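Let's take a walk through this protein together. Have the sequence and the model at hand as you read.

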Amino acid sequence: MIAMEEIEKLSLKGLPPISLVAGEDLGQYSQLKDLLLRQIGYDPADLNMAYFDLSDVPYSTAAMDLESLSFFAEEKVVILDQFLDLTTAKKSYLSDKELKQFEAYVENPVDTTRLIIFAPGKLDGRSRLVKLLKRDVRIFEANPLKENELRTYLQEYAKNHALHFEAEALEALLVKSNFDFSDSLKNMSFLETYKKQGLITVEDIQEAIPKTLQDNIFDLTKLILNRQVDAVRDLVRDLRLQGEDDVKLIAVILGQFRMFLQVNLLAKQGKTEQDIVQELSDLMGRKINPYQVKFALRDSSSLSLHFLQKALIHLIETDYQIKQGVFDKEYLFEVALLKIMTNQKTKA
């Protein structure tokens with residue numbers, strides 16, 4: 001069960017003595033935090049609930065409330081936000097003496113207090129305090145989900161909202177959301193507004209979810225490869241009207257063609273799709289989305305290495321010329337696209 005599902009089962013009455021929400025997936029972390037506050041009915045005007053942002057309030061002030069008995073009711077809730085001392089972040093707000101004081105509280109919490117800790121970031125596993133928390137408290141970690149976990153959650157989420165996906169619609173949603181938990185939920189909210197109940201189709205996803213810059217660049221790349229000059233000009237004009245800068249567009253297109261070239265070269269070496277994902281992840285220093293590689297292999301299979309190399313050269317030279325102020329950047333960008341479209345792109 002993922003952290004989101006665990007928190008959905010919580011209530012104010014069912015809170016453990018100490019709860020900790022943390023994790024390096026900050027988008028998901030934000031979702032977990034908001035959900036937990038909703039689940040307990042957090043109200044800043046409620047005298048039985050005390051909230052302290054440790055980046056703004058001294059721990060000594062929070063400790064007075066944390067260590068005292070409940071006055072207005074049988075139990076009270078104390079929330080410590082921005083507890084970065086528990087994470088690998090370089091920032092810290094508590095002194096060594098205060099950390100010892102908090103450690104003593106964790107070992108012997110007040111029976112009438114329910115403590116909730118929010119710590120955005122990766123927990124510092126080497127810390128004695130974190131080891132103590134992992135042993136004694138309820139932890140909800142916002143870690144990147146495995147693909148099957150994300151799929152299962154979205155299917156259940158849709159079901160609970162009287163919706164269900166057709167065969168290829170869930171795949172389309174995941175690709176649209178870059179397999180990101182937070183983006184997936186955001187896009188689900190668009191779908192809920194667009195379709196209150198029933199079957200979600202691929203067409204619904206295309207209609208309901210706004211296009212991202214990456215979506216538009218993907219479309220633009222396809223138009224370039226198909227040499228649809230007028231359509232390319234129209235889409236570039238639309239992107240400019242939306243406030244996109246030519247230098248930024250070049251950077252994103254450059255990334256797309258670089259991916260095409262990389263997967264082509266690795267495929268020629270006999271690398272499997274899984275091998276390519278791993279090698280590119282090691283090269284980039286971050287986990288590459290397997291579907292990004294899958295689609296790049298598909299879309300670049302008919303492209304020659306010479307064409308891809310020339311395309312990269314045109315884009316890099318154009319980027320340099322724009323930054324040097326050689327000519328008008330819109331003119332240089334359009335010339336670069338025309339050069340790419342006039343090159344022979346297919347394999348011999």
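What distance separates the centres of domain 1 and domain 3, taken over C-alpha atoms? The answer is 45 Å. The protein divides into domain 1 (3-141), domain 2 (147-208) and domain 3 (213-343), with bounds from an automatic or database domain assignment.

A word on the ground rules: this is a predicted model, where local features need pLDDT of at least 70 and side-chain atom pairs count only at pLDDT 80 or more, while totals for chains, interfaces and linings use all residues. Residues are numbered from 1 along each chain as its sequence is written, and side-chain values use heavy atoms, leaving out hydrogens and water.

Now look at helix α8 (residues 181-194); helices are DSSP runs of H or I with at least four residues, numbered from the N terminus. Among its buried residues are Phe-181, Leu-185 and Met-188, where buried means under 20% relative accessible area, exposed over 50% and partly exposed in between (1.4 Å probe, protein chains only).

Salt bridges come next: a side-chain nitrogen of Lys or Arg lies within 4 Å of a carboxyl oxygen of Asp or Glu. The structure holds 22 of them. In one, Arg-151 meets Glu-171 at 2.8 Å, N to O. Arg-151 sits in helix α6 and Glu-171 in helix α7, so the pair ties together parts 20 residues apart in sequence. Another joins Lys-195 to Asp-204, with the closest N and O atoms 2.7 Å apart. Lys-195 is partly exposed at 23% relative accessibility, whereas Asp-204 is buried at 8%.

Finally, find Phe-327 in the loop between α15 (305-324) and α16 (329-342). Phe-327 is exposed, with a relative accessible area of 55%.

Notes. Helices (H or I, at least four residues) and strands (E, at least two) are DSSP runs, numbered from the N terminus. The expected span of a helix is 1.5 Å times one less than its number of residues.
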